[in-house]
Amino acid sequence: MDFAHYYLDGNADAVEFCPHYPFHHILAAATYTLEEGVQPNRSGSVSLFSVDDALGLVLLHQVKTAGVFDMKWSPAGANLHPLLAQADADGCLKIHRLDSSSDISECRAVLKESGAEKVSSSMCLCLDWEPSATCVSVGLSDGSVSIITSRESRPQISRQWEAHDFEVWTTTFDAHRPHLLYTGSDDCKFSCWDLRESPSKVVFQDRKTHKMGVCCITKNPSDSNILLTGSYDEFLRLWDVRSPHKPINENSISLGGGVWRIKHHPFMPNVVLAACMHNGFAVVDISSGNFVVKEAYKKHESLAYGADWQRGGLVATCSFYDRLVRVWKPENLG
């Protein structure tokens, strides 16, 4: 069921609903636009919307910035105020604070930059918050990974290391064991690092399973041992971190198009939303390792990159070249 849509001013590549109460109606959408030439310009924006039952998508605020590759809200319960971190093409990690009217019904909200750190001369491609929001992991285009502390008003690099041979597309903290960090890269490696060691120590590294780059990694919120990976090779795979030498489901499932993002349903841990690049979006039931596509959404007309669940059951998705954000509700979840 389609709820609303909005055309952005640049190529849309990320959407994130705010997980903090009472801001579940707030949606952030990011863009990355490459202007080619002698000196290429990578521009972007972060837009805040209110998802309103009567008005649809209402634009509240927009921040012009460098091209944004990834962004995430700080975990619910970790901060008094919601924070939105962005990884951008200028090699910076920026952290914005959500400022909102005390009267939620007025639908007033703005993003105010609370800190920034120049991480590298390379591009920042992905990020993740540590569960307590005390630091952020950042993956870079040169294959390195950085940990940025965020306890103070100004973020600071606490460590960096060469984690992969090529671009790092995904970095994910283990929500149950936050000293562990998972990374995936264009070198087809899926790795786990122990941050208690200095330099960070490899706990395990799979080099054989993914036939193309590893694009996304997500932990199951209700099972501390289970995680999912998505790859350019189009497969969604289920893993048990106690036995990481091969995925649980040997056959996996091909979603087509390349699996760029995976998001668990906020209340149904065995249901995930996948952004499948050249093949739209899919809602997948992963119960017992037997993957079933419950719903395919193909109303976007270009690369399917951004996807997220609202805690009220709606879904936001975005596609790149048509610069489009859509909000819709799955019809086949029962």
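Author: Happy to! A search of the whole structure finds 15 salt bridges, a salt bridge being a side-chain nitrogen of Lys or Arg within 4 Å of a carboxyl oxygen of Asp or Glu. The model is predicted, so local features need pLDDT of at least 70 and side-chain atom pairs count only at pLDDT 80 or more, while totals for chains, interfaces and linings use all residues. Residues are numbered from 1 along each chain as its sequence is written, and side-chain values use heavy atoms, with hydrogens and water left out.

Let's begin with Asp 2 and Lys 299, whose side chains meet in a salt bridge at 2.5 Å, N to O. Asp 2 belongs to strand β1 (residues 2–7), whereas Lys 299 is in the loop between β25 and β26 (304–309), so this pair ties together parts that are 297 residues apart in sequence. Strands here are DSSP runs (E, at least two residues), numbered from the N terminus. For accessibility, buried means under 20% relative accessible area, exposed over 50%, and partly exposed in between (1.4 Å probe, protein chains only). Asp 2 counts as partly exposed because its relative accessibility is 35%. Lys 299 is partly exposed too, with a relative accessible area of 45%.

Next come Lys 219 and Asp 174, with a salt bridge of 2.9 Å, N to O, between their side chains. Lys 219 lies in strand β18 (residues 214–219) and Asp 174 in the loop between β14 (168–173) and β15 (180–185), so the pair ties together parts that are 45 residues apart in sequence. At 8% relative accessibility, Lys 219 is buried. Asp 174 is buried as well, at 0% relative accessibility.

The side chains of Asp 240 and Arg 242 also meet in a salt bridge, 2.7 Å from N to O.

Finally, salt bridges can join up: Glu 16, Lys 263 and Asp 308 are linked in a network of them. As a general point behind these contacts, side chains of opposite charge can pair when their charged atoms come close.

Key. Helices (H or I, at least four residues) and strands (E, at least two) are DSSP runs, numbered from the N terminus.
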